[in-house]
Amino acid sequence: TASTASLPSRPGQQSQAEPSLRVPAKVTESTVMSTGNAMNRQSENLKPIRAETSVPLEPRKVLVAHKVTRYDIFQRAIGMYGKELDDELQSRGFDLKRLKDAQQCNAAALKDIFAALDSIGAQKEQVEVDQLEASQVDWADLVVTVGGDGTMLRAARHIHDKTPVVAVNSDPERSWGKMCTWTSSASASNSFARALQLLSVGAYKKAVRRRIEIEVTPRNGQPCTLPFALNE
């Protein structure tokens, strides 16, 4: 589910040694919209630190933070497109069908979400999750992540207030999506418009989850604070 991918290492390529670190940490919180019904049955074993009764939520400003699929990442990394890229990936041993299916599922989920937001007149901004900034979250009254657990965990790094998150699993055939609120589907009865309807009548609860923030101090170096981290 993470929006990263790597090409085979070059011969002789080595990773850099990690510095010695001092890592004091503190705990903060993040709010994820959650429901115990069948649409989110995968999340039932994940216990939040606090579950609050949700009031109806009708978002007017929505930030959509989505993953970049591995196929799209390879396009950028290799600088090839279309058949040329497909042939190159197959020659490197990648499962081309799996890569392209995942890309199409992600695109279809985004299309469904944007259509649903347009239908309620909500303002929307779109950003790749690894380009997300806290200032964009500050603008929104709802963050929708599109991808899987990894996408939601990445987005949670940049949420510094109580802005709720609705996590959409865009590729349930290949992604477990344990922490996701909604599962994307080609079925019209399971479009994202249905999720917005449930939000508007208070069918979801706010599940508050702990995050950790770490300050790293290398030997003989200046301390730096890493982004918030939320784990499964």
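**Exercise 1. Strand β4**

Task: work out how enclosed strand β4 (residues 61–66) is, and which strands pair with β4.

Solution. Start with burial. Five of the six residues of β4 are buried, so the strand is largely enclosed by the rest of the structure. Buried here means under 20% relative accessible area, exposed means over 50%, and partly exposed is in between, with a 1.4 Å probe and protein chains only. Helices are DSSP runs of H or I with at least four residues, strands are E runs of at least two, and both are numbered from the N terminus.

Before going on, a word on the source: this is a predicted model, where local features need pLDDT of at least 70, side-chain atom pairs count only at pLDDT 80 or more, and totals for chains, interfaces and linings use all residues. Residues are numbered from 1 along each chain as its sequence is written, and side-chain values use heavy atoms, leaving out hydrogens and water.

Next, the partners. Two strands pair if DSSP finds at least two bridges between them. Strand β5 (residues 123–128) runs parallel to β4 and is joined to it by six bridges. With strand β6 (residues 142–147), β4 pairs over five bridges, again in the parallel sense.

Valine 62 sits opposite lysine 124 of β5, and histidine 66 sits opposite valine 146 of β6.

**Exercise 2. Helix α1 and its neighbours**

Task: list the buried residues of helix α1 (residues 70–78), then describe how α1 packs on α2.

Solution. First, the list: Tyr71, Asp72, Ile73, Phe74, Gln75 and Ile78 are the buried residues of α1. They pack against α2 and α3, where contact means heavy atoms within 4.5 Å.

Second, the geometry. The axes of α1 and α2 lie 11 Å apart, at an angle of about 100°. The two helices are therefore roughly perpendicular to each other. On the α1 side the contact uses Tyr71, Phe74, Gln75 and Ile78, while α2 brings in Gly82, Leu85, Asp86, Glu88 and Leu89. Angles under 35 degrees count as roughly parallel, over 145 as roughly antiparallel, 65 to 115 as roughly perpendicular, and the rest as oblique.

**Exercise 3. Salt bridges**

Task: find how many salt bridges the structure holds, and look at the exposure of the partners in three of them.

Solution. The count is eight. The criterion is a side-chain nitrogen of Lys or Arg within 4 Å of a carboxyl oxygen of Asp or Glu.

- Aspartate 87 pairs with lysine 83, with the closest N and O atoms 2.8 Å apart. The two are four residues apart in helix α2 (residues 82–91), which puts about one helical turn between them. Aspartate 87 is partly exposed at 36% relative accessibility, whereas lysine 83 is exposed at 61%.
- Glutamate 88 meets arginine 92 at 2.8 Å, N to O. Glutamate 88 is partly exposed at 21%, and arginine 92 is partly exposed at 34%.
- Aspartate 101 meets lysine 97 at 2.6 Å, N to O. Both lie in helix α3 (residues 96–119), four residues or about one turn apart. Aspartate 101 is partly exposed at 21%, but lysine 97 is exposed at 59%.

**Exercise 4. Serine 191 and helix α6**

Task: locate serine 191, then describe how α3 and α6 pack.

Solution. Serine 191 is in the loop between β8 (182–183) and α6 (192–200). With 16% relative accessibility, serine 191 counts as buried. Leaving aside residues up to four places away in sequence, serine 191 touches Asp112 and Trp182.

Now the helices: α3 and α6 have axes 8 Å apart and an angle of about 45°. That makes α3 oblique to α6. The contact involves Asp112, Ile113, Ala116 and Leu117 of α3, together with Phe192, Ala193 and Leu196 of α6.

**Exercise 5. The whole chain**

How values were computed: Axes fitted to C-alpha atoms, helices over the stretch in contact; angles between N-to-C directions.
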